[in-house]
Amino acid sequence: MDLVVSLALQILYGMANLALISLGLAIVFGMMRVINLAHGEFLMLGGYTVVVATNNGVNIWIAMLVLAPLVVGVIGVVVERLLIRWLYGRMIDTLLATWGLSLLCIGLVTSLFGASTATTISPPLGVITIGAYTSSGYEMFLIVVTALLLLAGYAALKLTPLGLVARGTMQNAEMSSALGVSTPRIYMITFGLGAAVTGLAGGLLAPITGVLPTIGAVYIAKAFITVISGGMAILTGTASASVLLGGVNGIVAFLTGPTIGEVALLVAAIVLLRLMPRGITGTFFRKGL
Amino acid sequence: MKLNRRHFIATASAAALASPAIIGRALAADGIKFVSILDQSNGLDIYGKPMVDTTRMAVDEINAAGGLLGRPIDLKVYDPQSSIQLYTQFATQAAAGDRADVVHAGITSASREAIRPTFSRFQVLYFYNVLYEGGVCDINNFCTGSTPAQTVEKLVPYTMNKWGKKVYIIAADYNYGQITAQWVQKYVRDNGGDPVATEFFPLDVTNFGPTIKKIQQARPDMVMSALVGGAHVSFYRQYAAAGMNASIPIASTTFGVGNEHKLISAEEGNGMICAYSYFEEIDNAANKAFVKRFRDRLGADAPALNELAARAYEGAYIWAEAVKQAGTAERMAVIEALRSGVHYDGPSGRVQIEPRTNHANQNVYLAELKDQSFQILETYENQPPTDTLLVCDLVKDPSQSTFKFENGLKAAGIDI
């Protein structure tokens, strides 16, 4: 029984982890059709923000929850103004440009902080004991944060005027423009928000995974697989794909081993996209957000 | 003559392009060519960067002392960026393009096996200065790092006596991890213990949650880790975050050689036990002087020193000793000198080439991690590479160029 509960929490964490690293990408890709290959580096920059801030005496919670999204969000807006906005509708060009951006970020961070920064920030919060098993309290915290983030996203899209306009722009940019909405502004805000969410995720993951200039490469493939498997709807898609892929990965990894666990995640994604080429939300939850 | 812009640019760029070639040729006329191929970026940089630092230091020291045989050493360093493809490319470049006199290269066993045949084919002397799983039997290749019979054979009984007989093995998923896991299984069984489970991880895995649950379920007395690279450092963090480091201790065959003990906090790492042929904390005059020279050279940026960094330095010096003894940098003469028992008394103590295997007899130290530094508990002097000696005899048959453990220990006739 202890094992079941503690394993269930572990798998839930695996799902939350996928959702966390993918959400920012989903916002940018789902709403703007921009393939941001520098997504992994935005996560990395969030992590470095936390490391630099805590090394300079900032409280770790403030660094993770406030500074990381703020810094990466600002970087996101700058990138959108200087780079992305010239390339809307040119998918291949955006792909190349953001790939270049990703290499630039890795190079800059490596020359600033060295190839392996000593990140001695330990995960805050203690240990949760479930019978004979123990789990990290911080991982439980991440599950809660991910759930709150999804809820906040839902509320923002559904209940605020900005959310309404953003959804309108997403469905038909020309019509929104004709109705007086400044679509470039919406795009800028959306890209900035996507970057901020990504920065938050990177900051939150820094204490458990450590930070390296090249850590983005570890995340980027999984984030893309999750977003593509999720389909058009940003929140429902990301959440449902994370539940499915994270669940498959967690259960198979526990039963066999991590190698087969990773393989199972990829196989699940391939089968899913064969059966539902438009992702989960192309077939189910079509009214979701 | 009228100096217009186009003419000026043409002349200036021709001169700029030509000058390095002229300088290069002037140096090449009498320099001995030493090529180093080590990962300085991407996942394996935690190993490669300190190794390059110490290699440069060794070459600069030798040059400052008048070079070798009155000739300077020309050092050329390539960064294969943790990519096997770039390794083979640079190996060919070093052998065929640079016509190197010696190449010191490779960190993972996968990279070594990718480039070793190139150096055999081009007949370029090759040094591999990294601790590994043993079993290379190649007249052209000198493996100066420690092997499992030197380190793991000491580490397993020591930690089993201290912690208990049920051992859970986790290792990186490529030839080093696979074969080292078999050595650990063998030594655990030899000492009357039980290797309860063995798990392998691709180098980019960062979520170790399911494995930590499995370890909790299996309730071993200790965990033996042969994890490799930057991403795997997260295992130690997550293990500590789940409170496991307090209940089930970890021993490792790799932890610390990438300075991982500086990457995680003191509380996360305290109590781990490792065995290598070098620790920065070794207490003797030669090592203290070595550490001081290294820190003076690099200042505040100096990374911690470990077996890989120290052996890259000692490997360069062993080769230099052999060149001096041979009186030439020519390959066969240097190989013969090396195999005649050349030794170097470096920071780790005496390192001497063992002629049947082209490996090294060396001191081994066993240490416990406390507050991000290793406290040395045991010293084993002049240990021979008995694992490779089981399968390799280059004195009897010098024509060999194989990796005997390619298909695992059982295929090589070793019971595990």
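Predicted model: local features only at pLDDT ≥ 70, side-chain atom pairs only at ≥ 80, totals over all residues.

Which residue in β2(A) is the bridge partner of Val127(A)?

A: In β2(A), Val127(A) has Ser136(A) as its bridge partner. Before going on, a word on how to read all this. Residues are numbered from 1 along each chain as its sequence is written, chains are lettered from A and ligands numbered from 1 in the order in which they are written, and side-chain values use heavy atoms, with hydrogens and water left out.

Back to that pair of strands. Strand β1 of chain A covers residues 127-130 and runs antiparallel to β2(A), with four bridges joining them. Strands here are DSSP runs of E with at least two residues, helices are runs of H or I with at least four, and both are numbered from the N terminus. Two strands count as paired if DSSP finds at least two bridges between them. The hairpin has two residues between its strands, and Gly131(A) takes a positive phi near 60° there.

Buried means under 20% relative accessible area, exposed means over 50%, and partly exposed is in between (1.4 Å probe, protein chains only).

Tyr133(A) also takes us to the interface. The size of an interface is often given as the accessible area lost when the parts come together. Here chain A and chain B bury about 2,800 Å² between them, with 57% of it on carbon and sulfur atoms. In chain A, Tyr133(A), Phe254(A) and Pro258(A) lose the most area to chain B, together 17% of what that side buries. (Buried area is the accessible area, with a 1.4 Å probe, that two parts lose on being put together, summed over both.) The contact takes 37 residues from chain A and 36 residues from chain B, where contact means heavy atoms within 4.5 Å. As for the confidence scores, the predictor gives the complex an ipTM of 0.74 and a pTM of 0.80.

And salt bridges across that interface? The count between chain A and chain B is zero. A salt bridge here is a side-chain nitrogen of Lys or Arg within 4 Å of a carboxyl oxygen of Asp or Glu. Over all chains, the whole structure has 21 of them.

Let's follow a few in chain B. Glu133(B) pairs with Arg112(B), their closest N and O atoms being 3.3 Å apart. Glu133(B) is in the loop between β4 (125-128) and β5 (136-138), while Arg112(B) is in helix α4 (residues 109-122), 21 residues apart. Both ends are tucked away: Glu133(B) is buried with a relative accessible area of 0%, and Arg112(B) is buried with 0% too.

Lys162(B) and Glu368(B) make another salt bridge, 3.9 Å from N to O. Since Lys162(B) lies in helix α5 (residues 152-163) and Glu368(B) in strand β14 (residues 359-370), the pair ties together parts that are 206 residues apart in sequence. Lys162(B) counts as partly exposed because its relative accessibility is 44%, and Glu368(B) is partly exposed at 22%.

Then there's Lys214(B) with Glu199(B), at 3.7 Å from N to O. Lys214(B) belongs to helix α7 of chain B and Glu199(B) to strand β8 (residues 194-201), 15 residues apart. Lys214(B) is buried at 12% relative accessible area, and Glu199(B) is buried at 5%. Elsewhere, salt bridges that share partners join Arg112(B), Glu113(B), Arg116(B), Glu133(B) and Asp138(B) into one network.

One last stop is Pro220(B), in the loop between α7 (209-218) and β9 (222-226) of chain B. Its relative accessibility is 6%, so Pro220(B) counts as buried. The C-alpha atoms of Pro220(B) and Lys166(B) are 4.9 Å apart, although 54 residues separate them along the chain. Leaving aside neighbours within four places in sequence, the contacts of Pro220(B) include Lys166(B), Tyr168(B) and Ile248(B).
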